Amino acid sequence: MLNSIVDAITRLIGNHGFPAVLGLMTLESACVPVPSEVIQLFAGYLVSIHRMSLFEAVSAGVLGNLLGSWISWSIGYWGGRPLIARYGRFVHVTPARMARAERWFEQRGEVAVLVGRCVPIVRTFISLPAGVARMPFWRFTLFTLVGCIPWVLGLTLIGVEVGSSWERWRHRLEYADYIVGAALVVGVGLYLVRARQRHAARLG
């Protein structure tokens, strides 16, 4: 099943380039389970063989990420939890995944939108609780943009460097994804603990 999805994605990007990357990354950020690793690694491969420019590949990925995040934020903002609970299963927004994203947002607020873009599973769904919590649109947009650029750029550059070996790296990134995610969670946790300690020391 996954191989069929990968084949369909690569054919689409190979045939249509920029608009395909834009559309697929929009779907991924709108909670449709399309793997961004495949999209941007393959786009990077196309850059390496001069079928796309680096600017096209990265800008399509970033813009798609932003557009999809706006869609998810709007669903959370206007539909709230009842709409997500009723229809979320059709795009694999399970109660467990939504709860995980909500915990991230409740505990870390704006930082969750920024850091969550690099955390497995959370990055796809973090826009929904941001909308439910009525996070201001332009602030959400800024944190989303800053958070998604390193992810999109990093994947694309890996694709450029490894060329035809991009699919092997896709498998490697499935494991690296979770290592990076765990490291970010620990880092954010330590930052919050230290910030609270400094705040308590100032009050004391």
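In which helix does L41 lie? L41 lies in helix α3, where helices are DSSP runs of H or I with at least four residues, strands are runs of E with at least two, and both are numbered from the N terminus.

The structure is a predicted model, in which local features need pLDDT of at least 70 and side-chain atom pairs count only at pLDDT 80 or more, while totals for chains, interfaces and linings use all residues. Residues are numbered from 1 along each chain as its sequence is written, and side-chain values use heavy atoms, with hydrogens and water left out.

**The chain as a whole**

The protein chain contains 10 helices and 0 strands, and its pattern along the sequence is accordingly written as α-α-α-α-α-α-α-α-α-α. Of its 204 residues, 45% are buried, where buried means under 20% relative accessible area, exposed means over 50%, and partly exposed covers the range in between, with a 1.4 Å probe and protein chains only. The chain exposes about 10,700 Å², of which carbon and sulfur atoms supply 65%; these accessible areas come from the Shrake-Rupley method with a 1.4 Å probe, and for residues only the protein chains shown count as cover. Among contacts between residues at least 6 apart in sequence, 77% join residues at least 24 apart, a contact being heavy atoms within 4.5 Å.

**Helix α3**

Helix α3 spans residues 36-48, and its 13 residues reach 18 Å from the first C-alpha to the last, close to the 18 Å expected at 1.5 Å a residue; the expected span is 1.5 Å times one less than the number of residues. Because 11 of its 13 residues are buried, α3 is largely enclosed by the rest of the structure. Among these buried residues are S36, E37, F42 and V47. L41 itself has a relative accessible area of 0% and is therefore buried, and its C-alpha is separated by 6.0 Å from that of W166, which lies 125 residues away along the chain. After α3 comes H50, whose phi is positive, near 65°.

| Residue | Relative accessibility | Class |
|---|---|---|
| T26 | 14% | buried |
| L66 | 9% | buried |
| L145 | 30% | partly exposed |

T26 has its place in helix α2, residues 18-29. A polar atom of the T26 side chain lies 2.7 Å from the backbone oxygen of L22, and the side chain of T26 also reaches the backbone oxygen of G64 at 3.4 Å. Not counting residues up to four places away in sequence, T26 touches G64, L67, G68 and I71.

L66 is found in helix α4, residues 54-87. Leaving aside neighbours within four places in sequence, L66 is in contact with T141, T144 and L145. The C-alpha atoms of L66 and I149 are 9.9 Å apart in space, although the two residues are 83 apart in sequence.

**A nonpolar surface patch**

L145, one of the residues in contact with L66, is found in helix α9. Together with L54, I149, L153 and L157, L145 forms a nonpolar patch on the surface, with about 340 Å² of accessible area together. Helix α9, residues 137-162, gives the most to this patch, with 4 residues. An α-helix has 3.6 residues a turn, so residues three or four places apart point the same way.

Notes. Patches are made of residues with over 30% relative accessible area and no salt bridge: like charges are joined within 9 Å, nonpolar side chains (Val, Leu, Ile, Met, Phe, Trp, Tyr) within 5 Å. A salt bridge is a side-chain nitrogen of Lys or Arg within 4 Å of a carboxyl oxygen of Asp or Glu. A polar contact is a pair of N or O atoms within 3.5 Å; within protein, one must be able to donate a hydrogen and the other to accept it, and residues adjacent in sequence count only if both atoms are side-chain atoms.
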